[in-house]
Amino acid sequence: MINQYYRTIVFIIFTSMIATGQNEEKIEKKIDSILSQLTLKEKVAMCHAQSKFSTPGVPRLGIPELWMSDGPHGVRAEINWDDWGYANWTNDSITAFPALTCLASTFNPNLAKAYGVSVGEEARYRKKDVLLGPGVNIYRTPLNGRNFEYMGEDPYLASKLVVPYIQGVQKNGVAACVKHYVLNNQEKWRDHINVEVSDRALHEIYLPAFKASVQEAKVWSIMSAYNKFRDQYCSHNELLINKILKTDWGFDGAVITDWGAAHDTYEAAMYGLDIEMGTGTDGLGVTTANHYDYYFLASPFLKLLKSGNVEEAVVNDKVRRILRLMYRTSMNPNRSFGRMNNKEHHDVARKVATEGIVLLKNENQCFPIADTADITIAVIGENATRSLTKGGGSSELKPKFEISPLEGLKKRFKNAKIIHAMGYASGPSAYDKVLPSEWDADSLKKEAINVAKEANLVLFFGGLNKSHLQDCEGDDRRAFELPFGQGALLQDIAAVNNNIGMILLTGNAVDMPWIDQVNGLIQGWYLGTMGGAALADVISGDVNPSGKLPFSFPAKLKDNAAHYFGELSYPGDGVNQYYKEDILVGYRWHDTKKIPPLFAFGEGLSYTSFDLSNFKIDKKSYSNGEQITVSGEVSNTGEVSGAEVIQVYIGKQKSKVKRALKELKGFKKVVVENGMTASVNIVVDVNSLAFYDADIADWNLEKGKYVMHIGNASNRISQTIKFEIK
Ligand code: GLC
C-alpha cells in the first residue's frame with residue numbers, strides 16, 4: 001500500500017516536472033511566433049516605459065501592457081500616469097507588512113515564504129504584474145538611508161530569506177524584481193557614484209543574495225542599481241549583466257532599470273538592459289509629457305537598429321525576455337486572483353513583526369510588563385503615535401489601517417493606567433527636505449518629565465522616522481546619534497524615573513550614550529499595519545521575543561568598517577568610492593579586528609534562557625561536494641516556552657588568503673517548551689566554504705583545518721569543533 005502511495009507521488013512530481021518543461025518549451029515556441037510577427041517599432045516600444053509604472057504591450061496582437069508597482073513591504077498607492085504624484089484612488093489601501101530588516105531578524109525562512117505569498121496576493125489583487133522588490137543590498141554603513149528595506153549585513157542570511165520571499169510572490173503570477181543590482185549600499189550620490197571593490201568582496205559579500213534569487217528562486221526580473229561599478233553604470237554593465245548575470249548565472253528574465261538609471265543608448269543596447277523606466281529626458285532629470293519617445297531605448301535605439309550598427313538579434317533577445325516575463329505574469333492564464341486586507345495577511349504581518357522584534361537589554365525585570373491596576377505607565381515619544389508606514393521614499397505605503405504603539409498598548413493593557421506625552425517632535429514627513437516641527441520643544445520636554453515623574457515605568461518610543469535624512473531613500477543620515485533631542489530628553493527623564501524601557505523604531509543602528517540609563521531595550525524596526533499590536537504582544541509577554549540582529553550595532557561610528565577607512569571609503573569623494581574593508585563587512589570586521597560591537601550580529605534575548613549542548617558533526621574530514629551534518633541539543637532552562645536561533649559559523653585556520661575569523665554558514669530556529677530539550681540538525685554544504693579566487697576567477701575550496709563555531713549570537717559561541725577539508 002505504502003509503496004503504491006509513494007509511486008503515485010513520484011509519478012505526480014515527475015509528470016509535473018515534464019509538464020513545466022513542456023510548458024516552457026511551448027511558451028518559447030509562442031515567443032518565436034510572436035517575434036516573427038512584430039515590427040521593429042513594436043519591439044523597441046516594449047523595451048521602455050509608456051508611463052511612470054508601465055510598459056506597452058502590442059495592442060495589434062492582443063499583448064497586454066505590463067504594470068509594475070513598488071514595493072518590498074506592500075503595494076504602493078496608485079501613482080499618476082506621467083509624474084510621481086499619487087492618483088488618490090479610494091480603493092488602493094493595503095496591508096503594510098514589516099520592513100525587510102524585521103523579516104531578516106526573524107531568521108525564519110518559512111515566515112519569509114508566507115510574507116512573499118501574502119504581499120504577492122495583494123499585488124495580484126491590485127493587478128500589478130511586477131512587484132518592485134525585495135531589496136537585498138548589504139548593510140555596509142549604519143547611515144545608509146535605505147537599510148530598513150534590506151536584509152542586513154550577511155550574504156548567507158539575506159540569501160536564505162530572499163529565496164522563499166521571491167518564491168512566495170511569484171506563486172501568484174506576480175514577478176518579484178530583486179534590487180538594486182548591485183553595490184547600491186548608500187543613498188548619497190547614488191545616481192552616479194562609482195564603486196570600486198575587489199572581485200573577492202563582490203562575489204563573497206555583495207552578489208550572493210542576487211545569485212540565490214536567480215539560481216534558487218528563479219526570479220523573473222531584476223532591477224539595476226543607479227550607481228556605477230568600475231566606471232560603467234550598473235544598468236548597462238558588461239561584466240555585471242552580460243557576463244555574471246546572464247551568462248554565468250543563466251538569468252532568463254528581464255533587467256529593469258531603476259527609475260532614471262539608464263544613461264546611454266549603445267550601452268543599454270549592448271550591455272544587457274531590457275526595460276528602461278523612469279528616464280527624464282528634458283535634461284533637467286524630470287519627466288515631461290510624451291517624452292517616452294526620447295528614452296535611450298526608444299527612437300535613438302530604433303535609429304541605431306535601422307543604421308545596422310546593432311543587429312536585430314539584440315532587440316530580439318530583449319523582447320524574448322520581456323515576453324517570457326509576460327507569459328509568467330500578464331499573459332499567464334493560470335494565475336490566482338489575489339486578495340488584500342484580509343485576516344491572514346494581518347496575521348502574517350503580526351507574526352513577522354513579533355518574531356522580528358529584538359530584545360537587546362532586559363535588567364531589573366523591565367520586560368515583560370504585567371497588566372495590573374496599580375501600575376502607571378508613561379508612554380513617551382513621538383514614535384508612539386506617528387505613522388511609520390508613511391515616508392521612506394518609494395517603499396512608502398497607504399495602509400487600510402495602522403495600529404500605533406500607543407493604540408496597541410491601550411488595547412492590551414486594560415488595567416494599567418497609561419499616560420502619553422510626545423516628549424519630542426520632528427517635522428511632517430518629507431522625502432527631500434527637513435520640515436520644522438510646529439511643536440515647542442521645551443514645553444514638550446516639560447510635559448514628558450511631569451508625566452514620567454508620576455509613573456512606575458516609562459516606555460520611551462524613540463528612533464528614526466523615515467523622513468528626509470532619517471531612514472529615507474534619496475540621502476543618508478548625517479549623524480549616528482538619535483535626532484530631535486531624544487538623547488537629552490532621555491537623560492532628563494532618567495533623572496526623575498530610573499525605570500525606563502526604550503523601544504527603538506529604526507531601520508538602522510544608532511548611537512546609544514544613554515544605554516546605561518535604561519533597564520530594557522527593544523529594537524522595534526518599522527512594523528507596518530500591525531506594529532502596535534505586535535509591540536504590545538512582546539511587551540506584555542504574550543509573545544516571547546526571538547528576533548536576532550541582522551546587522552551589528554557599533555559602539556561608535558568609527559568602529560564600523562566602512563567608516564574606519566575614512567571619506568574615500570564612505571561616502572566617497574563624490575565621483576569614486578573604495579570599499580577598503582573588502583570582505584570584512586559587519587561582524588566579519590568586529591570579530592577579525594577585535595572591535596567588539598555594542599550589540600552583535602545574531603544577538604537577541606528571550607524571556608526564557610536556553611542551553612546549547614552536545615553539538616557534534618558527523619565526520620572528522622570532508623571533501624568538496626559533501627555536506628556537514630551538525631547535530632546537538634537546545635534546552636529551555638527558563639519558565640516560559642520560546643524560540644532560539646542556533647547559528648553555525650565557520651572559519652579557516654592558517655589560510656593562504658585573508659579571511660574573516662568566522663562566517664555564517666548555517667542557522668536553524670527552534671521552538672522549545674520550558675523545561676524541555678529539543679534536538680537540532682543543521683546541514684552545511686562544504687562547497688559553501690570556498691573563497692572567491694580572483695586569480696582563477698572562480699571559487700576555490702582550500703584544503704586544511706577549519707573551525708566551526710556554534711552559538712546563539714556571533715558573540716555568544718558555546719562550542720567550537722575542528723574539522724578538515726581533504
Ligand atoms: C526608486 C527606487 C526603486 C523604486 C523605483 C520606482 O528610485 O530606487 O527602489 O522601485 O524608483 O519607484
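Helices H14 and H15 run roughly parallel to each other, a label given to angles under 35 degrees. This is a predicted model, where local features need pLDDT of at least 70 and side-chain atom pairs pLDDT 80 or more, while totals for chains, interfaces and linings use all residues. Residues count from 1 along each chain as its sequence is written, and side-chain values use heavy atoms, with hydrogens and water left out.

H14 covers residues 441-454 and H15 residues 486-496; they pack at about 30°, axes 9 Å apart. Helices here are DSSP runs (H or I, at least four residues), numbered from the N terminus, and axes are lines fitted to C-alpha atoms over the stretch in contact, with angles from 0 to 180 degrees between N-to-C directions. On the H14 side, Lys445, Ala448, Ile449, Ala452 and Lys453 meet Ala488, Leu489, Asp492, Ile493 and Val496 of H15 (contact means heavy atoms within 4.5 Å). That set splits into 7 nonpolar, no polar and 3 charged residues.

Next, the other pair. H12 (residues 343-356) and H16 (residues 531-540) cross at roughly 45°, with axes that come within 9 Å. That makes H12 oblique to H16. Arg350, Ala353 and Thr354 of H12 touch Ala533, Ala534, Asp537 and Val538 of H16.

Now the ligand. It has 15 residues around it, and Asp70, Arg146, His180, Tyr226 and Asp258 come nearest (near means a heavy atom within 4 Å). Some polar contacts, pairs of N or O atoms within 3.5 Å, are below.

| Side chain | Distance to a ligand oxygen atom |
|---|---|
| Arg76 | 3.5 Å |
| His180 | 2.7 Å |
| Asp258 | 2.6 Å |

How values were computed: Helix = DSSP H or I, 4+ residues; strand = E, 2+ residues; numbered from the N terminus. Parallel < 35°, antiparallel > 145°, perpendicular 65-115°, else oblique. Nonpolar A, V, L, I, M, F, W, Y, C, P; charged D, E, K, R; others polar. Polar contact = N/O pair within 3.5 Å; in protein donor to acceptor, adjacent residues only side chain to side chain.
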